[in-house]
Amino acid sequence: MAELRMRRVYEMGAANDDADDGMRVLVDRLWPRGLARDKVRIDHWLRGVAPSDELRRWFGHDPARWQEFQTRYHSELRGSAHPDLALLRHLSTSPGRITLLYAARDEARNNAVALKAFLEQQRGAP
């Protein structure tokens, strides 16, 4: 099974070809502001695994809504038949490393954190 990591796409080095990242997967619905597409190595942009626009707007990165956001987001993911989620599930069962890239400033409370937790629950990781 792939080791799942996370990295803010704006981080120093995130835009460069960091082989230690393994496969790099952008998990945001929107392309990161100010980031030129030709200046960043992204192997997959899986918009379909991002929270719905409605949920993203409701959350608004409000720390007080973090627990409820995770619950709602995981519910969306469980009910999703989107091909992006199927691909990410498949990739996460392969050997190697996957780095989930996100743009949010809050490194502890964002969709990549919640998505990583969901994937690990799905595959029975601790």
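This is a predicted model: local features need pLDDT of at least 70, side-chain atom pairs count only at pLDDT 80 or more; totals for chains, interfaces and linings use all residues.

How far apart are the axes of α3 and α4, and at what angle do they cross? Residues are numbered from 1 along each chain as its sequence is written, and side-chain values use heavy atoms, with hydrogens and water left out.

**Exercise 1: helices α3 and α4**

Task: describe how α3 packs on α4.

Step 1. Two packed helices are described by the angle between their axes and the distance between the axes.

Step 2. The axes of α3 and α4 come within 11 Å and cross at roughly 65°. Axes here are lines fitted to C-alpha atoms, for helices over the stretch in contact, and angles run from 0 to 180 degrees between N-to-C directions. Helices (H or I, at least four residues) and strands (E, at least two) are DSSP runs, numbered from the N terminus.

Step 3. The crossing of α3 past α4 is right-handed, meaning that the near helix is turned clockwise from the far one, by less than a right angle.

Step 4. Now look for the residues that meet: L85, L88 and R89 in α3, and L115, F118, L119 and Q122 in α4. Contact means heavy atoms within 4.5 Å.

Step 5. Sort these residues by type, and you get 5 nonpolar, 1 polar and 1 charged. Ala, Val, Leu, Ile, Met, Phe, Trp, Tyr, Cys and Pro count as nonpolar, Asp, Glu, Lys and Arg as charged, and the others, Gly among them, as polar.

**Exercise 2: helices α2 and α4**

Task: work out how α2 is placed against α4.

Step 1. Helix α2 spans residues 66-78 and helix α4 spans residues 111-122; they pack at an angle of about 55°, with axes 10 Å apart.

Step 2. That angle makes α2 oblique to α4. The scheme is: under 35 degrees is roughly parallel, over 145 roughly antiparallel, 65 to 115 roughly perpendicular, and the rest oblique.

Step 3. The crossing of α2 past α4 is right-handed. On the α2 side the contact is made by W66, F69, Q70, Y73, H74, L77 and R78, and on the α4 side by N111, V113, A114, L115, A117, F118 and Q121.

Step 4. By type, the residues of this contact divide into 9 nonpolar, 4 polar and 1 charged.

Step 5. Zoom in on F69, which lies in helix α2. F69 counts as buried because its relative accessible area is 2%. Buried means under 20% relative accessible area, exposed over 50%, and partly exposed in between (1.4 Å probe, protein chains only). Leaving aside neighbours within four places in sequence, F69 is in contact with P51, L55, W58, F59, N111 and A114.

**Exercise 3: the nonpolar core**

Task: find which residues touch the most other members of the largest nonpolar core.

Step 1. A nonpolar core is a set of buried Ala, Val, Leu, Ile, Met, Phe, Trp, Tyr and Cys residues joined through side-chain atoms within 4.5 Å.

Step 2. The largest core has 25 residues, and L88, L100 and L115 touch the most other members.

Step 3. Two or more residues each come from α1 (53-59), α2, α3 (83-92), β4 (97-102) and α4. The largest share, 6 residues, comes from α4.

Step 4. Not counting residues up to four places away in sequence, L88 touches V25, L46, V49, L100, L115 and L119. A second, separate core of 8 residues includes V9, L35, W45 and L101.
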